[in-house]
Amino acid sequence: MRPGRGEAAAAGTSGTSGVSDTSSTSSTDKGLSSGSVGLVAAVFIGISCIAPAYTLSGALGPTASAVGEHMPAILLVGFIPMLLVAVGYRELNAAMPDSGTTFTWATRAFGPWIGWMGGWGLLAATVLVLSNLAGIAVDFFYLAVAQLLRRPDLADLAANVPVNIATCLVFMVAACYISYRGIEATKSFQYVLVAFQVVVLVWFSASAWLHVQNGTAFDGHLPSLEWFNPFGVGSMSAFAAGVSLSVFIYWGWDVVLTMSEESTSSSVTPGRAATATIGIIVALYLLVATATLAYAGTGTGEFGLGNEGIQENILAALAGPIMGPAAIAMSLAVLASSTASLQSTFVSPARTMLAMGFYGALPRRFASISPRFQSPGYATFVSAAVSFGFYAVMRVISEAVLWDTITALGMMVCFYYGITALACVWYFRREAFSSANTAFTRFVCPLLGGVLLLMFFVTTSIDSMDPEYGSGSSLFGLGLVFVLGVVILLLGVASMLVMRTLNPAFFRDGLPLRPGSLDAGATPPVAQGDTAG
């Protein structure tokens, strides 16, 4: 019995909707490297997946444009549903730690159809963001090279489509290889890159505050409590736009839950790591946002946050005037951020596909494990191939279509986060009110978080019907972002129906995730010895 399995089983079988959870490695051990990830390592990987330097650089401008000086308030508001959902994730993980997370938990709560689509939402979101991260890494790689060699023309290589795609392939292969080598290689890689980007962000913030204090800031402002007042936002549409942006910038913390079977205490460590990751990120975001706002203001001047010309990459635009000759560090930090996130993001789809293959929701080949590295090798390679193929095709067709597809990512995030949170409410429905604590953690928090995110999903879906949403592209009179979101979900339904034909047993009664099927001694549909190099 692995550390934490016994406690998880006890927690899951005591009064939960008639469901008994796993307590035996014979029924749930997928062959991953157990006990390899401690709390600190999990937090580093969680921060890496969120990619704070890259995310802030692209999100601060649009958020400030939408809500002005209330940007810190909106970041706090966006943090709330993430925290509420994280509480639900923690409770589900404590009862049934499993690398399948959303797929496994939603299947146990709602059945195989909703569980499969929840897993699809997670896979779609991560595959989309992998392609985006690879593209961003390419852009900042050539920008950093141009700055280091003092050759501005080299930055233009990122706009050369063949060079861009070839460089993207190199980044993708390198990230895939590190992920394939297992969680130990991932940890070592992340410690350096995460620490570097956090140090640079703190350095940038401190320098900005120093300019404000010395009176040398571009449009210096002393911080005000009004910055943290969400009710001061001018309109509901601006508020909704700001919240949608802030929800996206917190996405990625759930990667720590997909490593539950590799954690030192599978029922405890992932939940703690998730809440710690979100707490650290919100503190870092508020530090950088307030410093940037205090230095630059929200005007439309050269370095104002309202200047549309710099909103796509705020940190790169402000690094020079704020950090001086050390501005190159910011370009390297964003490059490190996107590269680190590219690698750590592989963890989530690979382990989700591993679980889906293990339980029969995908072909059993996806459940294969590298005997040398104890990693889901086949699933990792498939994730890389699909992500790179998607990026290459979209980059050739149209960069605008590519970025609209990434915008649709937010819809997928709200979709599968919302399903997972409500799965917590339903799964624990019979014991949720046994105490004030369980009522709060197993009902109130996940219910509020799930409802809020599904509301954001519906609102974003409606808003994205407008042809002006995203890049302004449209198809059949509908916004391209909406069309792409619908296509992604329909592809999930089509794939699910194909799997229904190939493996009807899983969809007929949810084997082996139906209630009671994971008792000690139960046999999953995938042989434990099925491995791949």
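Visitor: In which helix is arginine 508 found?
Guide: This is a predicted model, in which local features need pLDDT of at least 70, side-chain atom pairs count only at pLDDT 80 or more, and totals for chains, interfaces and linings use all residues. Residues are numbered from 1 along each chain as its sequence is written, and side-chain values use heavy atoms, with hydrogens and water left out. Helices are DSSP runs of H or I of at least four residues, numbered from the N terminus. Arginine 508 lies within residues 504-509, which form helix α21.

Visitor: Is arginine 508 buried or exposed?
Guide: Buried means under 20% relative accessible area, exposed over 50%, and partly exposed in between (1.4 Å probe, protein chains only). Because its relative accessible area is 56%, arginine 508 is exposed.

Visitor: What distance separates the C-alpha atoms of arginine 508 and proline 112?
Guide: Along the chain, the two residues are 396 residues apart.

Visitor: How far apart are the end C-alpha atoms of helix α5?
Guide: The expected span of a helix is 1.5 Å times one less than its number of residues. For the 25 residues of helix α5 (residues 71-95), the span should therefore be 36 Å. In agreement with this, the end C-alpha atoms are apart by 37 Å.

Methods:
Helix = DSSP H or I, 4+ residues; strand = E, 2+ residues; numbered from the N terminus.
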